Amino acid sequence: QVQLVESGGGLVQAGESLRLSCAASGSVFSINAMGWYRQAPGKERELVATRTNGGRTTYADFVKGRFVISGDNAKSTVDLQMSSLKPEDTAVYYCNAHDMWASSDFWGQGTPVTVSS
């Protein structure tokens, strides 16, 4: 149905910035929202930010104005610009796509982000 591929993860120092990218392929016509989630060691997966095709965005409280989500509906892509990164941001970040037709969510393989002090 839908395949998601993330990129951009890596190792950065605290205070630096990083941009994550995700591209969807396959049956992308019924995708009406995409977003980013993350999972840190020993913790459950949590929402970071989402964006609908109409451009409406939501953010987790821990973003604190540091992250910005953007997307291109025509290209079926979504990016996450992360600034002022903190060690507690260290996690595997997963791209998500919601398929309205299938009433289901699809997930990427994840891209790891490590923030050192």
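Predicted model: local features only at pLDDT ≥ 70, side-chain atom pairs only at ≥ 80, totals over all residues.
Residues are numbered from 1 along each chain as its sequence is written, and side-chain values use heavy atoms, with hydrogens and water left out.

One disulfide (a pair of cysteine sulfur atoms within 2.5 Å) was found in a search of the whole structure. The bond links Cys22 and Cys95, with an S to S distance of 2.0 Å. The link of Cys22 and Cys95 is left-handed, with -85° about the S-S bond. Because Cys22 belongs to strand S3 (residues 18-26) and Cys95 to strand S9 (residues 91-99), the pair ties together parts that are 73 residues apart in sequence. Strands (E, at least two residues) are DSSP runs, numbered from the N terminus.

The largest pocket has a volume of about 150 Å³, where volume is the space filled by probe spheres set on the points, which are joined across faces, edges and corners. Its lining comprises 14 residues, and Ile31, Met34, Asn53, Asn73 and Ser76 lie nearest the centre. At least two lining residues come from each of strands S4 (31-39), S5 (46-52), S7 (67-72) and S8 (77-82). The most are given by S4, with three residues. The lining has six nonpolar, six polar and two charged residues; Ala, Val, Leu, Ile, Met, Phe, Trp, Tyr, Cys and Pro count as nonpolar, Asp, Glu, Lys and Arg as charged, and the others, Gly among them, as polar.

Strands S4 and S5 pair (at least two DSSP bridges between them) in the antiparallel sense over six bridges. Within this pairing, Trp36 has Ala49 of S5 as its bridge partner. Six residues lie between the strands of the S4 and S5 hairpin, where Gly42 takes a positive phi near 75°. Strand S5 also runs antiparallel to strand S6 (residues 57-59), to which three bridges join it. Here Arg51 stands opposite Thr57 in S6. The hairpin of S5 and S6 has four residues between the strands, and Gly55 in the turn has a positive phi of about 95°.

Notes. 1 Å grid on protein atoms, 1.4 Å probe; cavity = no way out; pocket = protein on both sides within 12 Å on 5 of 7 lines; lining within 4 Å.
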